[in-house]
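Here are my notes on the model you sent over. Have the structure open while you read, and go through the points in order.

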Amino acid sequence: MSRAATIPISPTHRSKESFGWTKAFTLIELLVVIAIIAILAALLLPSLAKAKESGRSVNCMSNLRQLELCWQMYSDDYAGVLCPNDYVDTIGLGGGYMTQYSWCQGNARTDTNTAGLQSGLLYPYDTSPGIYHCPSDMSTIQDAFGHPLAQARVRSYNMSQSVNGLGMLVDPQSGYAVDAVQPCFQKIAQITNPPPSRLFVFIDENENTLLDDQFGYPMVNYDYGEWWDMPSNRHNQGANLSFVDGHVEHWHWKVPKVAVNAIQPVANGELPDYIRVGNAMRQVPFDGTAR
């Protein structure tokens, strides 16, 4: 071997690559990378948010399924008589009236605890207050003057007037039975039109209309075309409903549900959604034989 071959190479002759050095990013290249990351994030975040909401919607449907089971067990225990649904806010009288028994009690907007749920007729069948609250419902309670407070509400769901909603109770304003304008079934055997698979019991109600424990809807010949109560819009422009036969459905709305007033007219393009809700409720008054 020649002597020249054994002479080490001077550090001054070594390349930067031999020391692990690489060319650094230029400012323009760094900005391009950041821009690409921002674009990808903008594309992915809505999908991730929608997927997260879908997961909460599944939990909401589970809550409704459990409430539905409680409702069915009550009927089984009382020879087919449906659980009373007897608290309605009488706006014209400046307050609410409540019969002694109902599936739940209290005011969803102002209740600071679960006492109203625990005093309800369905609570003994499942003593978990959490099943009364939708995980997507971020609304909070209000004080006596309507000012929002930090505490989350304890209830998000309501029961259809069609299932034992006051029935033959005489309305203090009109002087006649409530069933004349808010028809309802009082026994499970009466439910034929619509059938059990199409009559909803519980609904995920809009937080801006939820107050008492009954979801009201006018008859065709009485204030038709107005929302007395409005479904929620929480679940990717949709709401969840449970039905008499025990199944639960997610309904997507053609038009977002935006509640401005306690009672408001159906908005433009909203009529198909309005009719869909009405078709899942009773529209024939009780006359002793009508079904």
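1. Salt bridges first. There are 5 of them in the structure, a salt bridge being a side-chain nitrogen of Lys or Arg within 4 Å of a carboxyl oxygen of Asp or Glu. Before going on, a word on the source: this is a predicted model, where local features need pLDDT of at least 70 and side-chain atom pairs count only at pLDDT 80 or more, while totals for chains, interfaces and linings use all residues. Residues are numbered from 1 along each chain as its sequence is written, and side-chain values use heavy atoms, with hydrogens and water left out.

2. Have a look at Arg 234 and Asp 137, which form a salt bridge with the closest N and O atoms 3.8 Å apart. Arg 234 sits in the loop between strands S8 (226–227) and S9 (238–243), and Asp 137 in the loop between helix H2 (115–118) and strand S3 (140–142), so the pair ties together parts that are 97 residues apart in sequence. (Helices, H or I of at least four residues, and strands, E of at least two, are DSSP runs numbered from the N terminus.) Arg 234 is buried at 12% relative accessible area, and Asp 137 is buried too, at 3%. Here buried means under 20% relative accessible area, exposed over 50% and partly exposed in between, with a 1.4 Å probe and protein chains only.

3. Which partners does Lys 257 have in salt bridges? One is Glu 270, with 3.3 Å between the closest N and O atoms. Lys 257 is in the loop between S10 (248–252) and S11 (264–265), and Glu 270 in the loop between S11 and helix H3 (271–279), so this pair links parts 13 residues apart in sequence. Asp 273 also meets Lys 257, at 2.8 Å from N to O. Asp 273 lies in H3, so that bridge ties together parts 16 residues apart in sequence. Lys 257 and Glu 270 are both buried, and Asp 273 is buried as well.

4. Stay with H3 for a moment. Its buried residues are Asp 273, Tyr 274, Val 277 and Gly 278. They cover an arc of only 135 degrees around the axis, which puts them on the same side of H3; the arc is that of the directions from the helix axis to the C-beta atoms. These buried residues pack against S6, strand S7 (214–215), S8 and S10.

5. Now the inside. The largest nonpolar core has 29 residues, and Trp 71, Trp 103, Leu 122, Tyr 132, Met 159 and Phe 202 touch the most other members. A core is a set of buried Ala, Val, Leu, Ile, Met, Phe, Trp, Tyr and Cys residues joined through side-chain atoms within 4.5 Å. Helix H1 (27–77), strand S5 (157–160) and strand S6 (200–204) each give two or more residues, and H1 gives the most, with 7. Apart from this core lies another of 17 residues, including Phe 215 and Trp 253.

6. For the overall picture, the chain has 3 helices and 11 strands. Buried residues make up 42% of its 291 residues. Among contacts (heavy atoms within 4.5 Å) between residues at least 6 apart in sequence, 66% join residues at least 24 apart.
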